[in-house]
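Have the structure open as you read.

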Amino acid sequence: MKVTVVGAGAVGASCAEYIAIKDFASEVVLLDIKEGYAEGKAMDLMQCASLNGFDTKITGITNDYSKTANSDICVITSGIPRKPGMTREELIGINAGIVKSVSSSLLEHSPNMVLIVVSNPMDTMTYLAHKTLDLPKHRIIGMGGALDSARFKYRLAEAMEAPISDIDGMVIGGHSDTGMVPLTSHATRNSIKASEFLSEDRLEQVAADTKVGGATLTKLLGTSAWYAPGAAVSGLVQAIACDQKKMFPCSTFLEGEYGLNDICIGVPVILGKNGIEKIVDVPLSDAEKAHMQTSAEGVRKTNGLLDV
């Protein structure tokens, strides 16, 4: 199992670290455009191997895609990160060119890859990959919902003063501050609905805090978060690599599902060795359906800025 991560910045390096620590891949290739940067990150991570007990080989490469050849899974984290006050949509001009170039180079050397797109605005970058690559739709995945759902569960546990292992919850829709659709109607604590523990107002506050989860961290850190995003990516990679058939909300190309067409947006999917193996139809409340439609309109507006 060979995994390539393009972009050796904070998110990419964290992703490579979590994949290595889980010890399911034989090799992780970390590629970056900055001379020596990926090599340095890889060396630092490999010096953790004996301490953290993993045998995954991590290789750092400067802009040589031939070294990524025959990767089973490729992850694109490259692009400029958010700064305080920026929306994910504001990154489109620069990141679209990066994602288009990187994804084409990866496909040239790994025609059988499953591609995971992390670069923002993620839903639009995933849509761009669908429109420019000759790959079946089940092999192009956008990572956003797994991260947003982790942030949702964190806020639910905080509100209920409960251990996070008790909590289950999911966020669908667009990966943006306004586009996320936290499914409060489905959130549970050990199978008991969250609404049994929290008032409607408190649940609405949890949903609102979840939506600005990334912006909150960007304001505090001065740049985008990296620990949780890296962990979320590693979860998707492991589900595919180990054929786990796990359910995650991921951005995928829809053809009528959830009443949407010709759009990539977050919905629950089953991940296995083929990538997206099934799109799961979850019943939504009337409010959630309306939010999903509004979210899709926002994603389409951003897609309209693409040159495809």
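## Positive phi in a strand

Asp 262 sits in strand 13, which covers residues 261-272. Strands here are DSSP runs of E with at least two residues, helices are runs of H or I with at least four residues, and both are numbered from the N terminus. Asp 262 isn't a glycine, yet its phi is positive, at about 55 degrees. The side of the story told by accessibility: Asp 262 is partly exposed, with a relative accessible area of 33%. (Buried means under 20% relative accessible area, exposed means over 50%, and partly exposed is in between, using a 1.4 Å probe and protein chains only.)

A quick word on the ground rules: this is a predicted model, where local features need pLDDT of at least 70, side-chain atom pairs count only at pLDDT 80 or more, and totals for chains, interfaces and linings use all residues. Residues are numbered from 1 along each chain as its sequence is written, and side-chain values use heavy atoms, with hydrogens and water left out.

Three strands make up an open, antiparallel sheet, in the order 7-10-11. Strand 7 (167-168) and strand 11 (192-193) are the edges, each pairing on one side only. Pairing here takes at least two bridges found by DSSP between two strands. Strand 10 (residues 188-189) is joined to strand 11 by two bridges, and these two run antiparallel. Thr 188, for instance, has Lys 193 of strand 11 as its bridge partner.

What sits in the loop between strand 10 and strand 11? Ser 191 does, and here's another non-glycine with a positive phi, this time about 75 degrees. Ser 191 is exposed, with a relative accessible area of 65%.

## A cis proline

Next, the peptide bonds. The one from Asn 120 to Pro 121 is cis, with omega near -5 degrees. Pro 121 belongs to the loop that links strand 5 (114-117) and helix 5 (122-132).

Cys 264 is in no disulfide either, and its nearest cysteine sulfur is that of Cys 250, 11 Å away. With a relative accessibility of 0%, Cys 264 is buried too.

Methods
A disulfide is a pair of cysteine sulfur atoms within 2.5 Å.
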